[in-house]
Amino acid sequence: MVIYVFFSGDMPTDLSIYLIRFQWDMAKYPIKQSLRNIADIISKQIGQIDGDLKTKATAYNNLKGNLQNLEKKQTGSLLTRNLADLVKKDHFILDSEYLTTLLVIVPKIHCQEWIANYEKITDMIVPRSSTLITQDNDYCLYNVTLFKKVVEEFKLHAREKKFIVRDFVYNEEELTAGKNEITKLITDKKKQFGPLVRWLKVNFSEAFCALIHVKALRVFVESVLRYGLPVNFQAILIQPHKKSIKRLRECLNQLYGHLDGSSAGAQASGIDNVDIPGLGMGHAEYYPYVSYKINVDMIDSGKM
């Protein structure tokens, strides 16, 4: 009896070389164990890798997300970006019992209106206290000094004129801490990236080796279920070109169609498969011979 195992991928890779030279790993999966025990060993191994991957990926992605959020606040529109790196201590009145400084975002088309009228928005605004700090394509950032008692009134009337007051408190310690946080996140991301990539390389190899052992188990089990005992079959690897797969299937069906008269070409299998977590194996197509596909081209979109 002949069993065909197809694998895809046009160029030789470490995966295809491993597949061609495959030998059962006696140390990891002793053949004196029952098939169920061997399957359980592989399942636990893949489950452990899958769990560790989720933990490591979550930690790295959280770190990456926090860094991206902070970096995003350093760029973009003056309406939303962090203003800490744009302002200086000289732009503010600090430690005053009565006065405070606000930061106001003014649309560029209204800048002249701001300059001409900001002192009249409410009472108790310090004359000539507003200066242009910076600008982008759409907005200008101004400061303005006024009495604390009229801050809320100023915000209300400024909003009516399309002048947007940004909530900002100048605190040198907090500004320094914010800059240090970004530096720390960048450093932590670099520290985690290298070990994560090395872990992925090692455990991808482990997972792929486990997958091939599962394929070997399935070849053996289905061959016995289909053709009975004593065991008398030969497993063969075939690497067809994509354009020739259909023709190859037709030839194999002509050669081995007599083994299963109910099969006229590929049909959906009604056999239940026990999936191992993380390997993504579901129902396969059914042929009169045992056939499994293995994808060794991980860049391709094809599934194993």
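Is Arg 226 buried, partly exposed or exposed? At 23% relative accessibility, Arg 226 counts as partly exposed; buried means under 20% relative accessible area, exposed over 50%, and partly exposed in between (1.4 Å probe, protein chains only).

This is a predicted model, in which local features need pLDDT of at least 70 and side-chain atom pairs count only at pLDDT 80 or more, while totals for chains, interfaces and linings use all residues. Residues are numbered from 1 along each chain as its sequence is written, and side-chain values use heavy atoms, with hydrogens and water left out.

The chain has an average pLDDT (the predictor's confidence in each residue, from 0 to 100) of 85, and 86% of the residues score at least 70. Over residues 263-282, pLDDT stays under 50. Where pLDDT is low, the predicted coordinates should not be read in detail. Of the 304 residues in the chain, 35% are buried.

The whole structure holds nine salt bridges, each defined as a side-chain nitrogen of Lys or Arg within 4 Å of a carboxyl oxygen of Asp or Glu. The table gives some of them.

| Salt bridge | N to O distance |
|---|---|
| Arg 81 and Asp 85 | 2.9 Å |
| Lys 155 and Asp 167 | 3.4 Å |
| Arg 226 and Glu 222 | 2.7 Å |

Glu 222 and Arg 226 are four residues apart in helix H5, and are therefore separated by about one helical turn; helices are DSSP runs (H or I, at least four residues), numbered from the N terminus. Glu 222 is buried at 15% relative accessibility. Arg 81 is buried at 12%, whereas Asp 85 is partly exposed at 38%. Asp 167 is exposed at 67% relative accessibility, and a network of salt bridges links Asp 167 with Glu 152 and Lys 155.

How values were computed. Contact = heavy atoms within 4.5 Å. Helix = DSSP H or I, 4+ residues; strand = E, 2+ residues; numbered from the N terminus.
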